[in-house]
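The sequence and structure come first, and the notes follow.

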Amino acid sequence: ARKLTVEQLSEYFDTSPQAIYKWQSGKTLPSLDNMMALGRILETSIEDIVVLEDDMSSFHMVWLLIQI
C-alpha cells in the first residue's frame, strides 16, 4: 500500500488538511466516492480502510496506511 501525508491527500481531494484530519479522527467521514478514491490512491481496497463495528451499527476509517 502506498503511504501519503495528510498534505498530499488534501491536495488530491482539493480540501484542507484539517478536513483530512477530521476523517482520520472520525469526527467526519469522507463521502463514499471519496472513500473509493482513497482506496485507489492508497492502492488498497475500501475494505482495508473501512472497518464495520461488531454490531454493524457504525464504521470508522483505518489510518494505519497513512504516514503523518
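Ile-49 counts as buried because its relative accessibility is 1%, where buried means under 20% relative accessible area, exposed over 50% and partly exposed in between (1.4 Å probe, protein chains only). This is a predicted model, in which local features need pLDDT of at least 70 and side-chain atom pairs count only at pLDDT 80 or more, while totals for chains, interfaces and linings use all residues. Residues are numbered from 1 along each chain as its sequence is written, and side-chain values use heavy atoms, with hydrogens and water left out.

Position of Ile-49
- Ile-49 belongs to helix H4 (residues 46-49); helices are DSSP runs of H or I with at least four residues, numbered from the N terminus.
- Between Ile-49 and Met-35 the C-alpha to C-alpha distance is 8.3 Å, with 14 residues separating them in sequence.

Nonpolar core
- The largest nonpolar core has 11 residues, including Leu-4, Phe-13, Trp-23, Leu-38 and Ile-49.
- H1, helix H2 (17-25) and H3 each supply at least two residues of this core, and H3 gives the most, with three.
- Such a core is a set of buried Ala, Val, Leu, Ile, Met, Phe, Trp, Tyr and Cys residues joined through side-chain atoms within 4.5 Å.

Helix H3
- In H3 (residues 32-41), the buried residues are Met-35, Ala-37, Leu-38, Gly-39 and Ile-41.

Ser-10
- Ser-10 sits in helix H1 (residues 6-12) and counts as buried, at 5% relative accessibility.
- Beyond its neighbours within four places in sequence, Ser-10 contacts Thr-15, Ser-16, Pro-17 and Ile-20 (contact: heavy atoms within 4.5 Å).
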